[in-house]
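Subject: A structure for you to explore

Hi there,

Here is the structure I promised to pass on. Have a look at it first, and then read my notes below.

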Amino acid sequence: MQRFAQSLTILCAVTLLTGTADAKDAFDLKSESFDLPTGDRTFIGAGADPVNNNCLTCHSAEMVMVQPKLSKANWEGIVKKMINVYKAPVPDEDVGPIIEYLSNHPTAGR
Amino acid sequence: MNPFNFEKCGLTRRTLLGGAALGGATILSAPAWAGMVDLPLYGGGGERETTTSFPQKGEMILQRTRPPLLETPWETFDKGVFTPNDQFYVRWHWAGIPDSVNVDTFRLKVHGNVQQELSLSLSELIQKLPKIELAAVNQCSGNSRGFFNPRVPGAQWANGAMGNAKWTGVRLRDLLDSAGVKAGSVQVRFAGLEKPVIDGGPHFMKSLSIDHARDDDVIVAYAMNGEALPFLNGFPLRLIVPGWYATYWVKMLADIEVLDKPDDNFWTKKAYLIPDTPGANIKPGEKDVKMVPINRMVPRSFFTNLVSGAHIKASASNEVRGIAFGGDCGVAKVETSIDGGGNWQVAQLGPDEGKFGFRRWSTAITPSKVGDGVSVKVRCTNTNGEVQSDTPNWNPSGFMRNVIEVIDLVAA
């Protein structure tokens, strides 16, 4: 019975899809092209290079800078997630320094 | 003031990618620092620039440029229950957002465990399936994360990662029925045009159960508040899942796949998980908690015409108003209290524009003398009888905040 009901629905919908356009339902969409800003900020200070060289490939800096105060373990978890889950190609030798930089800099939120 | 002392180096995405405009209307981004706001986040750190640099967007609070995280300025919510498209918040996971969408060649695919795969043009979808219109609140799972105590990592939003719009589209069920869902289907998975920036990164996809996908209210929208969706809100098509958090509302929707086994992709299975506890609430540091995918929204209510510290008139009636929503159902009532929650007065409700949308509420407060401090609380009870709590929830992802809001006013 349920199967029969479903077939009926399919028939109706297929009919709808092959039906002719109803002018009153027309809704005009226009092709669009946009240029998005990329974020023009970089990390500075001692140890900033590996952060700029790796992190800014995927995202701009602003959100990192306003994180609440996080422990080194927190930052390590975040950096590892970027590498293991989001596949950020961070060279092994940069991983420690990135965690170090992020853990040692005061962030805006506390 | 930011301790990191940012430097600006003037890159735009176009210069980074070395690409050229693909035709159609191109809106160039102009560097524009419209101003600053100080979001009242827990413990501080809420200073943010505002920006007018994003296409089709007016002044927005900049949480991140790339991929964009733009918060709706709070004043916007006092102007009406529908959030204007040009101030509707924006949240993307990957920076691989297409530069352009050609409406003539765009196709929405429906495939997987179906009798007949579909590849629909926008005009076929718009003209040949029944049109559905509904109002619904779209709210980020992490809206209000910056108020968590203790604070948690993630986008440090205040309350503006939400918006209400009238969505126009077609029922997802009609699309599924056109393709013919085969027996044994368990979930439907959705993907948009957003691409990972890194090879092998998980493509953003979300899934709903087959029953939920066939719900009357789940639609594929081509219009928002009567106009084409803004590019950054998902042009040309967006999945609308009324009553559920925005993570399921896939933007630039291009691919619908019917699955005969549960979706094990990262974004469905491992991201956006909440503790399986009332209010997704646990104690900081609590371990071994069962986690489940975030799902239905919970009731909330806000003040929109006054903020803490505002002066009101003594010995006169002062309007206090705001917005509320029921979560996954309508608003039954909104109440305010001026005695710390001992007694509650029912507020007046504005017109019902749809059970999943914002509802205006208002009340009047008359302080007896100059200098009186008035602390006002507001709470919403939804039509399922669920009421906001006086105790904030906490979880490590900063999801599902819905504590009772309070403002402290002064009679002057």
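Before we start, one term: contact means heavy atoms within 4.5 Å. Please also keep in mind that this is a predicted model.

With that in hand, turn to helix α5 of chain A, residues 92-104. Which elements do the buried residues of α5(A) pack against? They pack against α2 (49-55), α3 (62-65) and α4 (72-84) of chain A. Among the buried residues of the helix are Val95(A), Ile98(A), Ile99(A), Tyr101(A) and Leu102(A).

In soluble globular proteins, nonpolar side chains tend to be buried together. The largest nonpolar core here has 97 residues, and those touching the most other members are Leu125(B), Trp167(B), Val220(B) and Ile256(B). Strand β15 of chain B (residues 219-224) gives this core its largest share, six residues. Both domain 1 (107-146 + 160-293) and domain 2 (300-411) of chain B supply at least three residues each. Another core, of 19 residues, lies apart from this one, and includes Leu70(A), Trp75(A), Ala88(A) and Ile99(A).

Look for Thr336(B), which stands opposite Gln345(B) in β25(B).

Enjoy exploring!

Best wishes

Methods. Residues are numbered from 1 along each chain as its sequence is written. Chains are lettered from A and ligands numbered from 1 in the order in which they are written. This is a predicted model: local features need pLDDT of at least 70, side-chain atom pairs count only at pLDDT 80 or more; totals for chains, interfaces and linings use all residues. Side-chain values use heavy atoms; hydrogens and water are left out. A nonpolar core is a set of buried Ala, Val, Leu, Ile, Met, Phe, Trp, Tyr and Cys residues joined through side-chain atoms within 4.5 Å. Buried means under 20% relative accessible area, exposed over 50%, partly exposed in between (1.4 Å probe, protein chains only). Helices (H or I, at least four residues) and strands (E, at least two) are DSSP runs, numbered from the N terminus. Domain bounds come from an automatic or database domain assignment. Two strands pair if DSSP finds at least two bridges between them.
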